[in-house]
Amino acid sequence: MKIVVVGVGHCGTKIADVFCSSGYSSLAINTARQDLSWLNFIPTENRILIGKSITKGRGVGANPLKGRDSANADIQDVYKKVKEVGSQDIDIYFVSAGLGGGTGSGGAPIVAQKIKEEFPESLVVGIGVLPLAIEGDQAIINSAIGLSGMNKAVDALILIDNEKLRSTDEDISTAYENINKTIVNRINTLVKFTSMSGEQIIDGNDVKATLSGFGGIATIGYVNEPLNNVKSITPLIEKAIKPDEGLYLDIDVKTALKAIVAISGPMKCLVASEIFEALDFLRKTMKGHQVFRGIYPKPNANHVEVLALLSGVYRSPRIDEIIMFAKNAAVNLKAAVIEAEQSLYDLLKDGEELESFYA
Ligand code: GDP
């Protein structure tokens, strides 16, 4: 498959940088000059500073509207660079962004929309990262704005929940780094399956068919189990498609339209009746009833791998929670600003009268 990755904002460009280190053509777009210089792998000529006239290269201060304006202001520069690394025969343009900030949340939808308009034969798939709960109300509001923008601009939106992938004893940098690697590894594994031979295979067109659509939510589950622990393939498939185990995000599996399940391991583990029963259960559970399957015997493997891509999902308890919280928080924060302004004014308004002391 031919893939180009375009990262927008700090988180988005860090993810694109990891893709670049795995050999994918990648671009970095940001409003903060310093953040662009922080990257390790994306060549400097593929790093684009946007919104200089608005932010002077200092970032948007977590304001998605400034992120959007910055992307709009320099969208031609972005397009010129995308055209240099991409073309009409790219299968998928991934546009990655952290949705809790400003540049990614506001800018990524503009970039995705431009790519969609200029390369109509290619898919544009968003990779959106949801903030940690501890990041506070504004990050949640931003992510609700970013989700809405991305939904309108992309064919599918792969969502990653920072909260879900964080393990408690890691510091934040290590946690982010590990999450970014996990995202890239899962997509890389999916792409790898499309070029492998097998008993039944998934190809690039199956991946495109699964991810094409209306901006629905997509999520990737993955299980990799040492051979010694595998008594049956069934629990591994169940784990890969269960929101609370293998997947990045709490979704309602019943609302998925399409899926890909790819399984690899030694032949003795790939028991046909177990695989068909588990996939049939998934097919019947999903609203769309469409499951592409790949079965890849690997005689010498000492692990069994199961990857599950679910897409066209339209319900997720976590998204419901974010939207509800964002709506309340936006009202409360606005009220808090008005109350603060008024209280301070009331407290200090007699200052001028005190000047009479010196008169
Ligand atoms: P922007 O540059 O204005 O788009 O904002 P950032 O990318 O700095 O932050 C957006 C959100 O992305 C934050 O709220 C964090 O949740 C998340 N984030 C920042 N850096 C990383 C990272 O390296 N990995 C992951 N998974 N999340 C990150």
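A backbone N or O atom of Gly-102 lies 2.9 Å from an oxygen atom of the ligand. This is a predicted model, where local features need pLDDT of at least 70 and side-chain atom pairs count only at pLDDT 80 or more, while totals for chains, interfaces and linings use all residues. Residues are numbered from 1 along each chain as its sequence is written, and side-chain values use heavy atoms, with hydrogens and water left out.

Back to the ligand. For His-10, a backbone N or O atom is 2.8 Å from a ligand oxygen atom. Asn-180 uses its side chain: an N or O atom there is 2.7 Å from a nitrogen atom of the ligand. Of the 570 Å² that the ligand exposes when taken alone, the protein buries 88% (accessible areas come from the Shrake-Rupley method with a 1.4 Å probe).

Next, the shell. There are 17 residues around the ligand, and His-10, Cys-11, Lys-14, Glu-135 and Asn-180 are the closest; a residue is near a molecule if one of its heavy atoms lies within 4 Å of it. Which helix gives the most to this shell? That is α1, with 4 residues. Helices α1 (9-21), α6 (103-118) and α9 (172-193) each supply at least two; helices are DSSP runs, H or I, of at least four residues.

Last, Thr-103, which is in helix α6. Is Thr-103 buried or exposed? Thr-103 counts as buried because its relative accessible area is 7%, and buried means under 20%, exposed over 50%, with a 1.4 Å probe and protein chains only. Its side chain makes a polar contact with the side chain of Thr-31, at 2.7 Å. A polar contact is a pair of N or O atoms within 3.5 Å; within protein, one must be able to donate a hydrogen and the other to accept it, and residues adjacent in sequence count only if both atoms are side-chain atoms.
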